[in-house]
Structure formats: C-alpha cells, structure tokens
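Biologist: Let us go through the labels on this model one by one. I will ask what each label rests on.

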Amino acid sequence: MFTKADAEAYFAGEKIESLVFVLLGITAIVVAVVFWFWLKTPLHKGAAVPLIIVGLLQLTVGYTVYSRSDAQRKDIVYKMDLNPDAIDTQEIPRMEKVMRNFVVYRWVEIVLLVVALVGIFLLKKQPDKLMLYGVALGLAVQAAISLAADYTAEKRGAIYLNGLKDFVQQTKRMP
C-alpha cells in the first residue's frame, strides 16, 4: 500500500531533481557567458544562445518546483490522514496533468534534439556558418540533458501517480 512515507520520498526526490535542474541551469548560463564574452568565436557565440535560453528555463523551472515541494509534501501527507478524498479529487488530477505535460515536453525535446543533430550534420563542414553550427551544438546538448532529466522525473511521477491510485482504492475499501 502507498504510504505517507512513499509520498514524502516522492517529494524529496522531486526536490533533489529540481535542485539538479537549478544547478544545470546555472552551469549552462555560466558557460554561455564565458562563451559569449571571453571565447567570442562565432562557434562559441552560437552555442551560447541555446545554452542561455534553455539554462534560464531550467533555472526557473527548477527553482519553482524546489520552492513548492515542501508545501506540497505537507499538504499531501495531511490529506492522506484527514482528507483522503482530496487525493482522488485534487492530487490525482494534478498528477495526470503533469504526466500529460511530460509527454509534450518529451516530444518537444526529441524534435529539438533531432533538429540540432541534423543541423550539426549539415553544417559541420561549412566554415561560413560556424555560428549556426554552434547553435546546433548547444541545442543538442541542452535538448539531450533536458530529455534525460524529464525522463527521470516522468518515471518517478508515474510511480507516484500509481501509488496515489492504489491509496485511493485502499481507502475506498475501508469501512
């Protein structure tokens, strides 16, 4: 049976992963700044563009998830004890939406990765297009990192959602 400890573990994992996302975002931003202001080649400036754009997204999403995880954890544990119906009417629908969003994120990341890889392949021997080649390289790195991170989060989310559904079924069976 899905327990409060399982819910706590899910949110602890979410918090850790969101902190990793924050660190990835900060790293990408720092690398982009170094590329743009110190290395300054067209290749580096091109790579800096997707690094900073996606890095800012990673930082924002990571911080948002990190900052709300503790409150969500407390809310769910409270509801499991005192308002289990809210798990069925609120948390499960929220998580189903999160899981649908992961499918969208996955396909966007796959498309961006494929576009980037095609760009790398087509531009690798065109010295007059080094900036675009850099954009493709930076985009490929960021798309691959985001895809891997979201894959991990999606798998954890699926386990949590299934646990919530089991919890609801167990509580409905109790008198």
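Modeller: Start with the rings. F2, Y10, F11 and Y160 form one aromatic cluster. Bear in mind that this is a predicted model.

Biologist: How many aromatic pairs does the structure hold?

Modeller: The structure holds 5.

Biologist: Why is the pair of Y10 and F11 called edge-to-face?

Modeller: The ring centres of Y10 and F11 are 5.0 Å apart, and a pair needs centres within 6.5 Å. Their planes stand at 80 degrees.

Biologist: What makes Y10 and Y160 a stacked pair?

Modeller: The planes of Y10 and Y160 are at 5 degrees, with the ring centres 3.9 Å apart. Stacked means under 30 degrees, so Y10 and Y160 count as stacked.

Biologist: Which parts of the chain does that pair link?

Modeller: Distant ones. Y10 belongs to helix α1, residues 4–39. Y160 belongs to helix α4, residues 130–173. They are 150 residues apart.

Biologist: What makes K45 a charge over the ring of W36?

Modeller: The charged end of K45 is 4.8 Å from the ring centre of W36. The distance limit is 6 Å, and the charge must also lie within 35 degrees of the ring normal. K45 does sit over that ring. K15 likewise lies over the face of Y66, at 4.8 Å from the ring centre.

Biologist: Now the loop. Where is K40, and why is it called exposed?

Modeller: K40 sits in the loop between α1 and α2. Exposed starts over 50%; K40 has a relative accessible area of 52%, so K40 is exposed. Its phi is near 55 degrees, a positive value in a residue other than glycine.

Biologist: Which residues have the most contacts inside the largest nonpolar core?

Modeller: That core has 17 residues. Those with the most contacts include F2, I76, M80, Y160 and L164. Helices α1, α2, α3 and α4 each supply at least two residues of this core. The largest share, 6 residues, comes from α4.

Biologist: What is the volume of the largest pocket, and which residues are closest to its centre?

Modeller: The volume is about 780 Å³. Of 29 lining residues, F21, V61, F102, Y105 and D150 are the closest to the centre.

Biologist: Which helix gives the largest share of the lining?

Modeller: Helix α3, with 9 residues. α1, α2, α3 and α4 each supply at least two.

Biologist: How does the lining of the largest pocket divide by class?

Modeller: The lining has 15 nonpolar, 7 polar and 7 charged residues.

Definitions and conventions
Residues numbered from 1 in each chain as written. Predicted model: local features only at pLDDT ≥ 70, side-chain atom pairs only at ≥ 80, totals over all residues. Heavy atoms only, no water. Phe/Tyr/Trp six-rings, centres within 6.5 Å; stacked < 30°, edge-to-face > 60°. Helix = DSSP H or I, 4+ residues; strand = E, 2+ residues; numbered from the N terminus. 1 Å grid on protein atoms, 1.4 Å probe; cavity = no way out; pocket = protein on both sides within 12 Å on 5 of 7 lines; lining within 4 Å. Points joined across faces, edges and corners; volume = space filled by probe spheres on them. Nonpolar A, V, L, I, M, F, W, Y, C, P; charged D, E, K, R; others polar. Core = buried A, V, L, I, M, F, W, Y, C linked by side-chain atoms within 4.5 Å. Buried < 20%, exposed > 50% of the residue type's maximum accessible area, 1.4 Å probe, protein only.
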